[in-house]
Amino acid sequence: AVRLIILPVIVLFALKLAGVEGIALGICTVCAAMPAAANTAIFAEIYDGDAPYASRCVGISTALYIITIPIIVLIMQTV
């Protein structure tokens, strides 16, 4: 929830306060709403971390972003 919803909303309002508008606001907000990168699992494997857990987190994050991206875009349109 933090990575996919809360952080993008914080980015949206921070950029709005900074005076950013238009396409730049949309791009930055949507990029902040993207799921965790697959590099997370790769680094966990390289540095003897919990690679299966990291892989599950990446998979769940990727699956959930299909739902959260439209929500973030809807929030952007109403603000």
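This is a predicted model: local features need pLDDT of at least 70, side-chain atom pairs count only at pLDDT 80 or more; totals for chains, interfaces and linings use all residues.
Me: How are helix α1 and helix α2 oriented to each other, roughly parallel or roughly antiparallel?
Reply: Helix α1 covers residues 2-17 and helix α2 covers residues 23-32, and their axes lie 8 Å apart at an angle of about 155°. Angles over 145 degrees count as roughly antiparallel. The two helices, α1 and α2, are therefore roughly antiparallel.

Me: Which residues of α2 make the contact with α1?
Reply: The crossing of α1 and α2 is right-handed. On the α1 side, the contact is made by R3, L7, P8, V11, L12, L15 and K16. The residues of this contact divide into 8 nonpolar, 1 polar and 2 charged. On the α2 side, the contributors are L25, C28, T29 and A32.

Me: Within what arc do the buried residues of α2 fall, seen down its axis?
Reply: The buried residues in α2 are L25, G26, T29 and A32. An α-helix has 3.6 residues a turn, so residues three or four places apart point the same way. The buried residues of α2 line one face of the helix, because they fall within an arc of 135°.

Me: Which helices are included in what covers the buried residues of α2?
Reply: Burial here means under 20% relative accessible area, and L25, G26, T29 and A32 of α2 are buried. The cover over these residues includes α1 and α4 (51-78).

Me: How is α1 oriented to α4, roughly parallel or roughly antiparallel?
Reply: The axes of α1 and α4 come within 9 Å and cross at roughly 30°. Angles under 35 degrees count as roughly parallel. This crossing makes the orientation of α1 to α4 roughly parallel.

Me: How do the residues of the contact of α1 with α4 divide into nonpolar, polar and charged?
Reply: α1 passes α4 in a right-handed crossing. From α1, the contact is made by L4, I5, P8, V9 and L12, and from α4 by S61, L64, Y65, T68, I72, I75 and M76. The residues of this contact divide into 10 nonpolar, 2 polar and no charged.

Terms used
Residues are numbered from 1 along each chain as its sequence is written. Side-chain values use heavy atoms; hydrogens and water are left out. Axes are lines fitted to C-alpha atoms, for helices over the stretch in contact, and angles run from 0 to 180 degrees between N-to-C directions. Helices (H or I, at least four residues) and strands (E, at least two) are DSSP runs, numbered from the N terminus. Angles under 35 degrees count as roughly parallel, over 145 as roughly antiparallel, 65 to 115 as roughly perpendicular and the rest as oblique. A crossing is left-handed if the near helix is turned anticlockwise from the far one by less than a right angle, and right-handed if clockwise. Contact means heavy atoms within 4.5 Å. Ala, Val, Leu, Ile, Met, Phe, Trp, Tyr, Cys and Pro count as nonpolar, Asp, Glu, Lys and Arg as charged, and the others, Gly among them, as polar. Buried means under 20% relative accessible area, exposed over 50%, partly exposed in between (1.4 Å probe, protein chains only). The arc is that of the directions from the helix axis to the C-beta atoms.
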